[in-house]
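Student: I would like to learn how to read a fold from the chain down to a single helix. Where do we begin?

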Amino acid sequence: MRRNLRERIPGGCAIIGVMSETGRRFDGTTVIEGIRCMHERSNGLGGGFAAYGIYPDDLKPYYALHVMSQTHHEHETMEEGIRQHFRIIHQEPIPTRRHPRVGEAPILWRYFVAAPTDFAEPPGEEEYMVGRIMDLNGRVEGSLIFSSGRDMGIFKGVGYPEDIGEFFRLDEYRAYLWTSHGRFPTNTPGWWGGAHPFGLLNWSVVHNGEISSYDANRRYLEMFGYRCYMKTDTEVVLYLFDLLNRRHGLPIELTCSVLTAPFWNEIDAMPPADAELWRALRQVYAGALLNGPFSVIVGFEGGMVGLADRIMLRPLVGARAGDLVFIASEEAAIRAVCPSPETVWAAEGGEPIVARLARSAGGSEPASAHKVEVPAAS
Amino acid sequence: MPVEAPRKRQAAANEITIDAEGLHYRDLNELIHQAAAQGARVIDVRNVNGQRYIGAGLRLPVTIRLHGTAGNDLGVFMDGPTIELFGNAQDGAANTMNSGRIIIHGDAGQICGLSMRGGRVYVRGSVGYRSGIHMKGYQDKVPVVVIGGHAGSFLGEYMAGGRIYVLGLDAPAACPLGGGKEPVWRVPERCRSLTGRYTGTGMHGGAIYVRGQVDPALCGREAVISPATDDDLPVIRRDMEDYARCFGLDAGYILSVPFTRLAPKSHRPYGKNYAY
Amino acid sequence: MSVIKNEPVTEQPAGGLLPTGAVPAGTTGSPPRRTASPADRGSVGVERGGGVGNKEDLAKKTRQAVTPFRRMRPAVRTHPDFRVIVDEDKCTLCRFCVLQCSWDALGWDDRVVPFDENCVGCWRCVAVCPTYAIRIEQWPTMYRENHNWTRFIANSVRKQAGSGGKLLVGTGNDKPYPVYWDHLLIDACQVTNPSIDPLREPMELRTYVGAKPDRVDLAAYLSARERHFIPTDHRSVGDPDRSGDPSANGRPAFDRDLRRRLGIGPQLRLETPIMIAAMSYGAVSLNVQKSCARAVAEMGTYWCTGEGGMHPDHYPYADHTIVQVASGRFAVDADYLNRAAAVEIKIGQGAKPGIGGHLPGEKVTADIASTRMIPEGSDAISPAPHHDIYSIEDLRQLIFAIKEATRYEKPVFVKIAAVHNVAAIASGIVRAGADAVVIDGFRGGTGAAPTMIRDHVGIPIELALAAVDDRLRQEGIRNRATVIASGSIRSSMDVVKAIALGADAVYVGTAALIALGCTLCQQCHRGRCAWGLTTQRPDLVKRVDPEEGWQLIANLFKAWSGEIKETLGLLGINSLESLRGNRERLRAVGLSQAEMDILGVKPAGR
């Protein structure tokens, strides 16, 4: 596994997300068939999946660290690091099956870990986890923790996504939320770690497009201690969600709106109190504005959100059928697995499509966001 | 995938049915081209789902009926045929079309009618962003796009010719998720109007007709907004009657609401931007 | 020979702040007596051979003219810088050039007679000649070629040997140091991301100058909103300040409260990230300042008064005016501070870091005296340091004194010269509570500076800016202050590169003067600017018509803004904040690895 740390990798892609709002779990074939339909949008240099709600009850409370390593030595170095920072509850190789169209894979392993001590407050533990994971990923050459959430996992590699899904035996997992990505990187050969989704704690991001503001966002994030060791623009999307939602307590919808902020002339036209808030948000979060053509699907604990850039330079379509919500680059991908959804609609630039687990299904706002009591507009 | 013979079924002497289920676009389009070359007048394609470039560059007088969701670039570079789509179109329908007719019974995605030089696109439902962008007329060619529902932002951006209609026959569909109580930070007016923002921005030819009122705040600076004049009415009437016929609608109902016209302020909106 | 000269030799010194103790020779002489003549209006509609001006008057002035050059000892006599050539075939004998030359470089003897040794190469005569009959050339080299003892250096020695004085000069550093802007190239979109059409699609240059917190406290906002019970109608579209809005009642208090709860300090709203740098009344004429003030008001940006106070004529533009507090504290009182949109504390200037200046008494006219609040005719001395700032904590004390006096409603800028340790100094300034830090590079302009200091002290703005932005980010305090770059921003591309390196906005000074006619003759300190810019002589001052001047500057800003938008479009971004600090979109050509490391850019091709 070679990381190309100097260069940023632009690319175009296919993305899809499927979620049951009632928390019904279903296997990975649905999402695999959906992404297969958009074969044309990938070039076989990267594919991947995120799945939420997949692990058995006894492992649910623990952070599932998915690790890929190039050599046994690097694998051991990473394991040593993990052992040093965390309590390992359980570990095993990530099950795979041989696949004719998937090349040589790195060593794939997963560790279910807990933080070493009890933190008084949950953010303390999350900060600790984020810090250690960033540190290990930055420090250990040739090995990468590519998934670190609880009761969720990321599975990715070099190949067409439908093949990668079969390689990882995703038909054997059941999740209430699946996202997937087919990659079309344009200037460097894909490497397993560079495939999407990118994840941090329970966040996962699949991304189609390019963040033209990348370096402005990266340097902004670095002020808050994030280290963009992957050098891909998807990474900054991930960390911005983490910063704004988890750390700064902005609800998901507001986080999305900050990332694709309204134009100044729209703000000027708002009622005064709203305008004041939006002026503040744009002034303070100027470095968080995502600019350039993109559409993303972000998975989090209990939901997913689809978001396209504010002038809609990348496609994004939503659909609903019963308890299922679909978000995809192309309508055809949805219809491939759900021929007759009740509604299909095109996303608007900067208007998030949010799907959440119903409260009865145990859903809630991710992290801290629900602390803010939100009054309705008059 | 090899082209399988049973996929083609000859119903009448010059009507052919193709099952597109699982077909790669290249194979499907090859079947369509073959059928048209063999003199088919009507080609009925079932189970379309996401196949791109249907009708691309086709120049024969054929009618293609599509059932399903057509993929990107439907009718790209098309010159003459009629495509009737029973379903939705994805992005780029009628891209750089020269002549012909595309009738879409559902919605169309982004950049519908991009750089159209001629022909007609009738959409029963709504269209995404940047529809009719850079449409242009040339000699006797006048492209026409009629949108039955509403249009996304940047409709008719730097439009250079032709006519675009937005009818608003169905109320704009609000995003069915994240609805209910509006949080205070909701960005207002983003997807509420008939035409989105920046309508006709940079237009320097042609006309956009909107059935009903237009909010000037949502229009580009290069467009002049006025009620449609008596001179416009015969053209509007003809276009609407044709459109209504295609979908079994009542043209009288469509015409019962006065139209607003967006026309270019100038043919050279940016002439003063440069120093020499 | 009855040679007619147009003006007595009147060195009216110090268009700007002369460095302390530097009083140029030749400050005696009667003030100009000539009243307005048509020639001064700068129009060129003069008929051939008709001539203007009173012949006897011209003859009298010419008799009084004695050029210092011709009295010099041969050892210290330098050759003229320029040669003025009048094409007699083309000359219409209108005498316009003679009347317009404020440097005594053209006389009249039934034809135009050049005095080459007085010519400063300001081009006024060339520009006003209706037939392009005048040509200015470099004086041909007459010394043996020497790359060590250049003509400039050897002549400097001669001038100093002749006078015993420190060399003085106006305008920014002209020496051939590397201009890093010209070693940086800008990226563009091709295929993998689309460029954006800047003419049709929204393209945002708006910039807010002022301190921002690290986060927006949404809960605090919502509680403030509840407290003030502002009704909200989300579907209303219109002017937020519209009268008749029920929520407009008691708005200022609400806004203040809201901003405080949101943690947002006072902000200046710039519709384009270009402001006009401090050029004081005294250094430049009132008409120049009027042109600046009106131009920025029209363009939605700001200008800085410099330390010479704010003339009452500018009060209508107070909302777009930044007032300066410098070591001389001229004009500073509570009204001055509160009248403006922002207050700038000037610690240093890129052209002359670490030294003060003075405006000689003879330039302190009644109007300047009243604007500066000093007695007429007395020297206006700006000490090198502020004598209440000997340390960073003293700076904090002054910052907060100003904030107290303005009830925390004005952003406070601190302007420093770019010096070796600029990053640490800027960090200290931000921590001291400044809302904006202005970094002025060593190529920045000046009305008067000792030549050797101008040419040898300080560092380039590009490196200083990159270092400051890096440092503030490393310390996690970049949001806490705006960074403004200045010191020779010459084009829209310099602005783009400055913002990509990390600046929020830029100040331009020289570019605005060039828009008004400046030809960079570097004689600002002599107070005889033929273009009416850096002079207080009434006959020259009126060569700048503020009604016309503001449009020239506004045109420039409009054109630059258009080019910046075009550049954002080709970068595939539609808002300036996505360019800010986005060094990935820059590449270097011809720079060393160390320079690239400091600038934080990769070499072109990587």
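**Chain C, from fold to helix**

Tutor: With contacts along the sequence. In chain C, 74% of the contacts between residues at least 6 apart in sequence join residues at least 24 apart. Keep in mind that this is a predicted model.

Student: How many helices and strands does chain C have?

Tutor: Chain C has 19 helices and 22 strands. Of its 606 residues, 52% count as buried.

Student: How do I read a nonpolar core?

Tutor: In soluble globular proteins, nonpolar side chains tend to be buried together. Here the largest nonpolar core has 369 residues. The members that touch the most others are C:A434, C:V437, C:I439 and C:V506.

Student: What is C:A434 in contact with, beyond four places in sequence?

Tutor: Its partners there are C:I399, C:V412, C:F413, C:V414, C:I429 and C:A481.

Student: Is helix 14 of chain C mostly covered or mostly open?

Tutor: Start with the general idea. An α-helix has 3.6 residues a turn, so residues three or four places apart point the same way. Helix 14 of chain C is mostly covered, with 11 of its 14 residues buried. Among them are C:I461, C:E462, C:D469, C:D470 and C:L472.

Student: What covers the buried residues of helix 14?

Tutor: The cover includes helix 12 (422–431), helix 15 (492–501) and helix 19 (593–599) of chain C. Strand 17 (436–440) and strand 19 (482–486) also contribute.

Student: Which residue just after helix 14 takes a positive phi?

Tutor: C:G476 of chain C, at about 70°.

Methods: Residues are numbered from 1 along each chain as its sequence is written. Chains are lettered from A and ligands numbered from 1 in the order in which they are written. This is a predicted model: local features need pLDDT of at least 70, side-chain atom pairs count only at pLDDT 80 or more; totals for chains, interfaces and linings use all residues. A nonpolar core is a set of buried Ala, Val, Leu, Ile, Met, Phe, Trp, Tyr and Cys residues joined through C-beta atoms within 7 Å. A residue is buried if 20 or more other C-beta atoms lie within 10 Å of its own, exposed if 12 or fewer, and partly exposed in between; C-beta atoms are placed from the backbone. Two residues are in contact if their C-beta atoms, placed from the backbone, lie within 7 Å. Helices (H or I, at least four residues) and strands (E, at least two) are DSSP runs, numbered from the N terminus.
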